[in-house]
Amino acid sequence: MLEKKLIGIDLGGTTVKFAILTTDGKVQTKWSIVTDNSDNGQKIVPSIIESITHHLELYGMKKEDFLGIGMGSPGSVSHAEGTVIGAYNLNWRTTQNLKEAIESGTGIPFFIDNDANVAALGEQWMGAGNNEPNVVFVTLGTGVGGGIILNNELTRGASGAAGEIGHIVVDPHGYDCTCGNKGCLETVASATGVVRLARSMAESYAGDSSLNESIDNGDTVDAKTVFDAAKNGDTFANRVVDEVCNYLALACGNIANTLNPSTIVIGGGVSRAGEFLAEKIRESFKTYAFPPIYQHTKIKIAELGNDAGVIGASSLVLNQSTVEI
Ligand SMILES: [Zn+2]
């Protein structure tokens, strides 16, 4: 008998990405469809089922060839129930029973978790986490998310909300966060947070700076503009980046002191700043991490890019004790 395969799905607000993988995490084939969130998002699940059915036919595969389907979804996900609620970029305001719909539509066992947890699993398994058992993932995108893997298991917590790293308070007197608190990491280290910090610091900066000039001129400034200027030696941009990295290091230090992971992986759009970002976080991390922990914590940039979602989602299937390989 041929070895059974996995299907990984990364459900996003603009596209749904699919992959067929081997049980050792190798992507064999990938495809994607546009997310049709019209009609209160009621077309999304049928289009996923149709796309899977179509591709299995195309590849001459049957439902019996698969151990299961894993999916990462935005919104508030119940891993146990297989449901999603409050995924506003999908127009899902009420509870969506994905497990029931997709299992009955495909005949393949289905597992789901939130997109940050799933990306964390992907990076831990096949990316910068190097398949080490204790890895924390921090994603710096439009918001800041995270996922915690301890002893090879995703930590979900008492109410499924573990890993909300973006809402670690790094400045109790800081900016208002969307969650209602003040000074969450997300307010200063997300893509929008970096720009907010740059604009605020620009008000009191008087020296020469191309970044400061762009802000004063009303040019479009995003996180990449800030990091690129810093890499080019702009003094003001470097002050902003140092501030961002100091906040990130503070959060990473507290995470490391609490959980003692071997690796903290930094992903998401802002992490495209690469080693420049990682090195600055490492410098300040030393200030906040307990010395014996500091020596044993690697801070690394994510390696899988857009594939982290489908790879991590597929691993949800393997992490179920009920599934026999
Ligand atoms: Zn918050």
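**Ground rules.** I number residues from 1 along each chain as its sequence is written. The model is predicted, so local features need pLDDT of at least 70 and side-chain atom pairs count only at pLDDT 80 or more, while totals for chains, interfaces and linings use all residues, and side-chain values use heavy atoms, with hydrogens and water left out.

**Entry: the sheet.** I took helices (H or I, at least four residues) and strands (E, at least two) as DSSP runs, numbered from the N terminus. Two strands pair if DSSP finds at least two bridges between them. I found an open sheet of five strands with mixed pairing, in the order E3-E2-E1-E4-E8. Strand E3 (27–34) and strand E8 (110–114) are the edges, each pairing on one side only. From one strand to the next the twist averages 15°. For angles I used axes fitted as lines to C-alpha atoms, for helices over the stretch in contact, with values from 0 to 180 degrees between N-to-C directions.

Entry: I looked up how strand E4 (residues 66–73) meets E8: the two run parallel and five bridges join them. Ile-69 has Phe-110 of E8 as its bridge partner. Met-71 stands opposite Ile-112 in E8. Is E8 covered or open? It is mostly covered, with five of its five residues buried. Buried means under 20% relative accessible area, exposed over 50%, and partly exposed in between (1.4 Å probe, protein chains only). Two helices lie across E4 and E8. Helix H3 (residues 98–106) runs at about 145° to E8. Helix H4 (residues 115–126) runs at about 105° to E8.

**Entry: helix H3.** Which residues of H3 are buried? I list Leu-98, Ile-102 and Thr-106. They cover an arc of only 25° around the axis, so they sit on the same side of H3. That arc is taken over the directions from the helix axis to the C-beta atoms. Glu-100 and Ser-104 are exposed on the other side of H3. Cover for the buried residues includes helix H2 (44–58), E4, strand E6 (83–85), strand E7 (96–97) and E8. I counted a contact as heavy atoms within 4.5 Å. At the N-terminal end, Asn-97 caps H3, with a side-chain oxygen 3.2 Å from the backbone nitrogen of Glu-100. Gly-107 follows H3 and has a positive phi, near 75°.

**Entry: two asparagines.** Asn-130 has a positive phi near 55°, though it is a residue other than glycine. Asn-130 is in the loop between H4 and strand E9 (135–140). Its relative accessible area is 53%, so Asn-130 is exposed. Asn-131 also lies in the loop between H4 and E9. Its phi is positive too, near 60°. At a relative accessible area of 44%, Asn-131 is partly exposed.

**Entry: the cores.** A nonpolar core is a set of buried Ala, Val, Leu, Ile, Met, Phe, Trp, Tyr and Cys residues joined through side-chain atoms within 4.5 Å. The largest one has 49 residues, and Leu-140, Leu-185, Ile-266, Leu-277 and Ile-281 touch the most other members. Helix H9 (residues 235–259) gives the largest share of this core, 13 residues. Apart from this core lies another, of 27 residues, among them Val-16, Ile-44, Leu-56 and Ile-102. I then checked Leu-277. Not counting residues up to four places away in sequence, Leu-277 touches Leu-140, Phe-227, Cys-245, Leu-248, Ile-266, Val-270, Ser-271 and Ile-301.

How values were computed:
A polar contact is a pair of N or O atoms within 3.5 Å; within protein, one must be able to donate a hydrogen and the other to accept it, and residues adjacent in sequence count only if both atoms are side-chain atoms.
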